[in-house]
Amino acid sequence: MRGRLEAAATAGREREHAQQLSGKEAQLSALERETSRCRCGSCGQTYRQPLVSTHCWHVHCAQCWHTALAADGRCPQCSALVASDDLNAIHV
Ligand SMILES: [Zn+2]
Ligand SMILES: [Zn+2]
């Protein structure tokens, strides 16, 4: 009798745990949807290391800025002249 009660209590806890887990998974997938909207306009990838130009306030990943600045020193989005000093790391 006692053993069955304990088993029922354990099952209840496991159900609760599973519910908490699926809640976390829902939060995670919501977060993924959120970040997947933040894609670099140059390479289409989600930002791993986003940098903002304080000259034109466009955001691209570090790699894309460096490629663009090495090529013609311009923002890939608006062609404003951007110096590497204008680039600042942002934290989202
Ligand atoms: Zn990029
Ligand atoms: Zn720009």
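The protein chain here has 2 helices and 3 strands. Helices (H or I, at least four residues) and strands (E, at least two) are DSSP runs, numbered from the N terminus. This is a predicted model, in which local features need pLDDT of at least 70, side-chain atom pairs count only at pLDDT 80 or more, and totals for chains, interfaces and linings use all residues. Residues are numbered from 1 along each chain as its sequence is written, while chains are lettered from A and ligands numbered from 1 in the order in which they are written.

Reading from the N terminus, the order of elements in the protein chain is α-β-β-α-β.

Taking the contacts in the protein chain with a separation of 6 or more, 30% are between residues 24 or more positions apart. A contact requires the C-beta atoms of two residues, placed from the backbone, to lie within 7 Å.

Next, the backbone at two loop positions. Where is W57? W57 sits in the loop between strand 1 (50-53) and strand 2 (59-61). Its phi is positive, about 65°, although W57 is not a glycine. W57 is exposed, because 12 other C-beta atoms lie within 10 Å.

The other position is S79, in the loop between helix 2 (62-71) and strand 3 (87-89). S79 is not a glycine either, and its phi is positive, near 60°. With 11 other C-beta atoms within 10 Å, S79 is exposed.

Technical notes:
Buried ≥ 20, exposed ≤ 12 C-beta atoms within 10 Å, placed from the backbone.
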